[in-house]
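Please keep the sequence and the structure in view while reading.

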Amino acid sequence: MSTPRAVPVSLAEIARLAGVGRAAVSNWRRRHPSFPARIAGTDVNPQFSLTDIENWLRENKKLKKSAEREWLWPRFEALGGRDETGAAIAEVGRRLAGRGATEESAYPKEAADLIERAVDLGRREGGPETFAFLLRRWLDVHVRQIATTPEPLAALMADIATRVAAVDGGITAMDPACGTGHLLTAAAEAAEERGGGAPTLLGGDRDPVLAALAEARLKLAEQAPRTEPASIDVRAGDSLRDDPFADVPADIVLCNPPFNERDWGYEELATDTRWSHGLPPRTEPELAWVQHCLAGLRPAGAAVLLLPPAVAARKAGRRIRGSLLRTGQLKAVVALPPGCAAPHSVSLHLWVLRAPAAGEEPPVGGHLLVADGVSRFPRDPGREWTPDWAAIGDFLREAVGREGPGEESYVRRVPVIELLDDEVDLTPGRHIAPSPADSAPRLAASWREFKDVTAKVTKSARLLAALELASAAQDTPTATTVAELARAGALTLCGGQQPPETAVRTGTPSAEDIPLLTVPDLLSGGAPRGHLAAGDPAVREAVIAEPGDIVVVGVARAFSAWVHEGAPTALGAQLHAVRVQPEQLDAWFLAGSLRAPANVRQAGTHATSSSRIDVRRLQVRQVPLREQRRYGEAFRELAAFEQLARRTAELGADLVHDLGDELAAGRLAGGA
């Protein structure tokens, strides 16, 4: 009989599984001779057997029952690659939904035992919750390979589709590229809110693992109390090449199709009857999906698709876009703010389409509704931006639901005749001019801030320019390192760590919550995106930077060191908190010395941008405290000047952009 292979886990994973900090695990390892020996890795980054760790925690009464789900995931991840793990999770969901094992669901003993364990846990703690946990962890690991539609956006797409199609309950909803079922789940919830009978949910995906996960997810959702269960049919297959629901018209179609795929079936589908607006060019697969979704609608049905912005403007697709406009089947194009869905740096578009009702003729003098969510919800370049889904939803529902020709800022009903030019560019921003009522106050506020910031820059520059720099150092003080200062008791150094995933929250924090700063936050703007609830046990284990502490970044591509002056903030991995003894060290002097470029080069592990900085090796000159304070004041002024210069550049760029638009629009007062 073969012995099951050991599942390796690191110290950080043990801390997450046990619901404690990494420091606590390190203490266990040092203080308890019975702590399991490492099975792989190095002394610095050891790996241990998951089974041995679980047994040790249970024997020492340190195993938290509430974290039992966490112990499942490393074993699922150890089953193999993406498909093996995903198929096993789908089997768990299928069995929790009451389908039972089938002859074709044959798994190796290790996987079969793990599936049974997960099913048993799900029956005790809740099937939908257990499956949702495993699915979420699987998607987090494979986030670069699998595109998903965020739940708030999926709910908004389903709501818009049901409004445009004017359906109540008992709807048939289809997603021909359903992935793991986010959009179909939203369609079922929208149908339940409207009442009127159980929905029929039709899904297809060419990836059989994704199709299996979607089916399990939808069937598990049907375990919730309902007046009548939904009819669910999810099939694996290429919807463009072999549509499994060609003879089943849908009331609504929701789709987030794959982007920029050239091998979509151009040659074999050249004469397909779905191309009523023209054969999509090989380089326009998204327009193939648009026509496929339209072909699957019943008369007066509606489709909402999430598409890349290039589809609205690429030259190759202008003929099809023109046909969609002339027939009146394209009703609205909405530009979402960047960050609403992957890829997060791009302003994705929602296309709202409606099939003609029986006997309905193409409209004469029709309009296309365009809505510019990019301008309506601007992003501050210096801050992390999180979608305000409530505000975005209200904006889009009001825009898409407008019947009359009235217009307001960021929304316009554009006559189709204006769009049928050589480009047929449907990008909302090209057809919506900023309203003077909105732009004038914004420009005035920007100018006021610009004048205030430039005045501060001038003052700071005057102070820095007045500093007298000697041609050469008059003496060469002995240099010491952070490690030596820590041993001498002049400072304490604590390395941050990533809290358990379940402890990190997003959205609007309360006044008592603790912001969590991570290296990705610094790379994308600097503001913390997550926070820890004030009463969460993770706060007790977290490294908190208090006002007056020095925060040091331990990776070269984001390296910096500064004196923290804001609210207490938890630090993630590769961030360090340095707390000085004020009678021995000046914080500003130390922070300025640590971030010197020459210092960083010496402490880096290697020369690439992804290298780590050994903070303990960073050096600082040994000078008297009085001299430190003199240099500290200069470093403080230099840091202030850096922030002011950065803000000046941002404001200047915005002013040039906004004022240029106003002048080009002929809004200069006075004149003939």
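The structure is a predicted model. Its protein chain contains 22 helices and 23 strands. Of the 672 residues in the protein chain, 47% are buried.

**The chain as a whole**

- The protein chain exposes about 33300 Å², and carbon and sulfur atoms supply 52% of that area.
- Among contacts in the protein chain with a separation of 6 or more, 73% are between residues 24 or more positions apart.

**Helix 5**

- Helix 5 covers residues 82-96 and has 15 residues.
- At 1.5 Å a residue, helix 5 should span 21 Å, and this agrees with its end C-alpha atoms, which are 21 Å apart.
- Because 12 of its 15 residues are buried, helix 5 is largely enclosed by the rest of the structure; a residue is called buried when its relative accessible area is under 20%.
- The buried residues of helix 5 are Arg82, Thr85, Gly86, Ala88, Ile89, Ala90, Glu91, Val92, Gly93, Arg94, Arg95 and Leu96.
- After helix 5 comes Gly98, which has a positive phi, near 95 degrees.

**The cavity**

- Rolling a probe the size of a water molecule over the atoms shows where empty space is left.
- Searching the whole structure gives 1 cavity of 30 Å³ or more.
- The largest cavity holds about 50 Å³ of space.
- Its lining is formed by Arg206, Asp238, Leu240, Arg241, Pro258, Glu261, Asp263, Trp264 and Trp289.
- By residue class, the lining of the largest cavity has 5 charged residues, 4 nonpolar residues and no polar residues.

**Glu484**

- Glu484 is located in helix 17, which comprises residues 482-487.
- The relative accessible area of Glu484 is 36%, so Glu484 is partly exposed; this class lies between the limits of 20% for buried and 50% for exposed.
- Glu484 and Gln619 are 135 residues apart along the chain, and their C-alpha atoms are separated by 9.5 Å.

Note on methods: Residues numbered from 1 in each chain as written. Predicted model: local features only at pLDDT ≥ 70, side-chain atom pairs only at ≥ 80, totals over all residues. Heavy atoms only, no water. 1 Å grid on protein atoms, 1.4 Å probe; cavity = no way out; pocket = protein on both sides within 12 Å on 5 of 7 lines; lining within 4 Å. Points joined across faces, edges and corners; volume = space filled by probe spheres on them. Nonpolar A, V, L, I, M, F, W, Y, C, P; charged D, E, K, R; others polar. Helix = DSSP H or I, 4+ residues; strand = E, 2+ residues; numbered from the N terminus. Buried < 20%, exposed > 50% of the residue type's maximum accessible area, 1.4 Å probe, protein only. Contact = heavy atoms within 4.5 Å. Areas by Shrake-Rupley, 256 points an atom, 1.4 Å probe, with all protein chains shown as cover. Expected span 1.5 Å × (residues − 1).
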